[in-house]
Amino acid sequence: MSTAEGPLAGKVAIVTGAARRNGRDTAYALAGAGAAVVVNTRASMGEVEAVAAEIRARGGRAIAVQADVTSEADVARMVDRAVSEFGRLDILVNNAADRAIAPFTEMPLAEWRRVTGIILDGAFLCARAAIPHMIAAGGGRIINMGGVTGHIGAHQRAHVSAAKAGLVGLTKALAVEFGGNGITVNCVVPGRIGGQRSATAGEVPGSGSARVLTGGEGTTEEVAAMILQLCLPVSRFITGQSIHISGGAYLP
């Protein structure tokens, strides 16, 4: 199947923090299903340009856009670029994050605000800028990239855990407010994914008891596959959910 015939043909997506890992493979998955993709980074332009070039080499449509998701002006420029380049906006994947480590009692307020700003403020700014275009297009999909530490906590990652938990609340609030506009909002929650730091094999970071029931670790392709599924037309009835990809490390 060519990208022009895929289930997302004619759709346009923005994936933030798409230079590598989950963001990169999500961009590949959406493009493979036919969507035109804006591949975003704050600083790693060489990497996102390579991702966009790879998508184009596979017959898809993609551009690389540098933007800081904590900057209102940058986010507006990125969304405007997506619409001017491809004519519309249908999908937003809020993947940009920072998994910094800091002892809580030694954490400067500036570091707390920096990390929560990237994860939570970034999702707010991107969603706020994207939603009017989704309404104009007749609907859309917003996927927030959560994290299992937002549900079970993590050693020396209070800022990350708090921000990821905040994404759950934001997901529910936006799902309620914009469901009538045909916009679904969900949170994908990865657990131990291959190559992540600060974890030993078979364990969730910061958790001594939450074992991965399936053993080993997940892959970025599996995370991307779930995001793609939530963007497909057949998933229009799924919204406001936190969907865990953690091998059973967290059981709600």
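A pocket, as the word is used here, is an open set of grid points where a 1.4 Å probe fits, with protein on both sides within 12 Å along at least five of seven lines. Keep in mind that what you're looking at is a predicted model. With that settled, take the second largest pocket, which holds about 160 Å³ of space. Its lining is made up of 14 residues, and those closest to the pocket's centre are Lys11, Asp90, Gly139, Gly140 and Arg141. Sort the lining by class and you get six nonpolar residues, four polar ones and four charged ones.

Now hop over to asparagine 186. Find strand β6, which covers residues 183–190, and you'll see asparagine 186 in it. Is this residue buried or exposed? Its relative accessibility is 0%, so asparagine 186 counts as buried.

Who are its neighbours, then? Leaving out residues up to four places away in sequence, asparagine 186 touches Ile142, Ile143 and Asn144, along with Thr171 and Leu230, and also Ile238, Thr239, Gly240 and Gln241. The side chain of asparagine 186 comes to 3.0 Å from the backbone nitrogen of glutamine 241. A polar atom of that side chain also sits 3.3 Å from the backbone nitrogen of glycine 240.

Last stop, the cysteines. How many disulfides does a search of the whole structure find? The count comes back as zero. Take cysteine 126, which is in no disulfide: the nearest cysteine sulfur belongs to cysteine 187 and is 15 Å away. Cysteine 126 has a relative accessibility of 2%, so this residue counts as buried.

The cut-off for a disulfide is a pair of cysteine sulfur atoms within 2.5 Å. Cysteine 231 is buried too, because its relative accessible area is 5%, and buried here means under 20%.

Terms used
Residues are numbered from 1 along each chain as its sequence is written. This is a predicted model: local features need pLDDT of at least 70, side-chain atom pairs count only at pLDDT 80 or more; totals for chains, interfaces and linings use all residues. Side-chain values use heavy atoms; hydrogens and water are left out. Buried means under 20% relative accessible area, exposed over 50%, partly exposed in between (1.4 Å probe, protein chains only). On a 1 Å grid over the protein atoms alone, a cavity is a set of points where a 1.4 Å probe fits but cannot get out, and a pocket is an open set with protein on both sides within 12 Å along at least five of seven lines; lining residues have an atom within 4 Å of a point. Grid points are joined across faces, edges and corners, and a volume is the space filled by probe spheres set on the points. Ala, Val, Leu, Ile, Met, Phe, Trp, Tyr, Cys and Pro count as nonpolar, Asp, Glu, Lys and Arg as charged, and the others, Gly among them, as polar. Helices (H or I, at least four residues) and strands (E, at least two) are DSSP runs, numbered from the N terminus. Contact means heavy atoms within 4.5 Å. A polar contact is a pair of N or O atoms within 3.5 Å; within protein, one must be able to donate a hydrogen and the other to accept it, and residues adjacent in sequence count only if both atoms are side-chain atoms.
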